Amino acid sequence: MPAHPPTVEEERILALKKKPVPREPLPDAEIHSEGFRQTREARRSALVEDYVELIADLIEDGNEARQVDIAARLGVAQPTVAKMLTRLCADGLVSRKPYRGVFLTEAGRKVAEESRIRHQTVEAFLRSLGVSAETARIDAEGIEHHVSAETLEAFRKAMIAVR
């Protein structure tokens with residue numbers, strides 16, 4: 001038994017949880033597969049975007065983006081970072097200097113900025129829904145890679161409408 005009677009909002013949420021959601025018929029195979037293609041592409045680009053966004057953040061914070069710092073902030077081993085940095089160099093997104101940090105190329109800065117804007121939009125939208133700052137930051141880290149431009153624009157419009 002709850003310590004207090006449920007609020008109107010809690011009752012609404014409970015009702016939504018109990019109400020079965022009608023299942024839509026399967027879409028055409030070509031349309032259906034497009035969603036899966038987009039998800040696979042988002043997964044492929046997510047790591048690249050996370051790395052370049054973090055490198056940009058480290059540089060803008062007044063520090064060098066060093067392999068050891070990247071590893072610590074991403075929670076991965078330094079050899080994992082080294083492998084990814086080699087890939088990012090090959091893709092033309094970063095440059096490295098011996099005994100120095102990692103630097104973004106113009107293309108890398110563009111990817112980082114686009115990723116940061118998506119992240120900030122998703123995080124702000126989640127906050128506008130009442131999600132805590134910490135949870136919104138963590139959730140935005142995953143959502144930002146999978147959200148379309150159309151959905152981001154809808155998030156922006158919804159936040160403007162609420163003000």
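E60 and R116 form a salt bridge in this predicted model. Their closest N and O atoms are 3.4 Å apart. That distance falls within the 4 Å limit for a salt bridge. In total, three salt bridges are counted between domain 1 and domain 2.

**The two domains**
- The protein chain is assigned two domains: domain 1 covers 35-105, and domain 2 covers 110-162.
- Their C-alpha centres lie 21 Å apart.

**Polar links across the interface**
- Six residue pairs are in polar contact across the interface of domain 1 and domain 2, with both residues at pLDDT 80 or more.

**Contacts and buried area**
- The size of an interface is often given as the accessible area lost when the parts come together.
- Here, the area buried between domain 1 and domain 2 is about 920 Å².
- Carbon and sulfur atoms give 52% of that area.
- Which three residues supply more than any other three of the area that domain 1 buries against domain 2? They are A42, E49 and E53, which supply 49% of that area.

How values were computed: Residues are numbered from 1 along each chain as its sequence is written. This is a predicted model: local features need pLDDT of at least 70, side-chain atom pairs count only at pLDDT 80 or more; totals for chains, interfaces and linings use all residues. Side-chain values use heavy atoms; hydrogens and water are left out. Domain bounds come from an automatic or database domain assignment. Buried area is the accessible area (1.4 Å probe) that two parts lose on being put together, summed over both. A salt bridge is a side-chain nitrogen of Lys or Arg within 4 Å of a carboxyl oxygen of Asp or Glu. A polar contact is a pair of N or O atoms within 3.5 Å; within protein, one must be able to donate a hydrogen and the other to accept it, and residues adjacent in sequence count only if both atoms are side-chain atoms.
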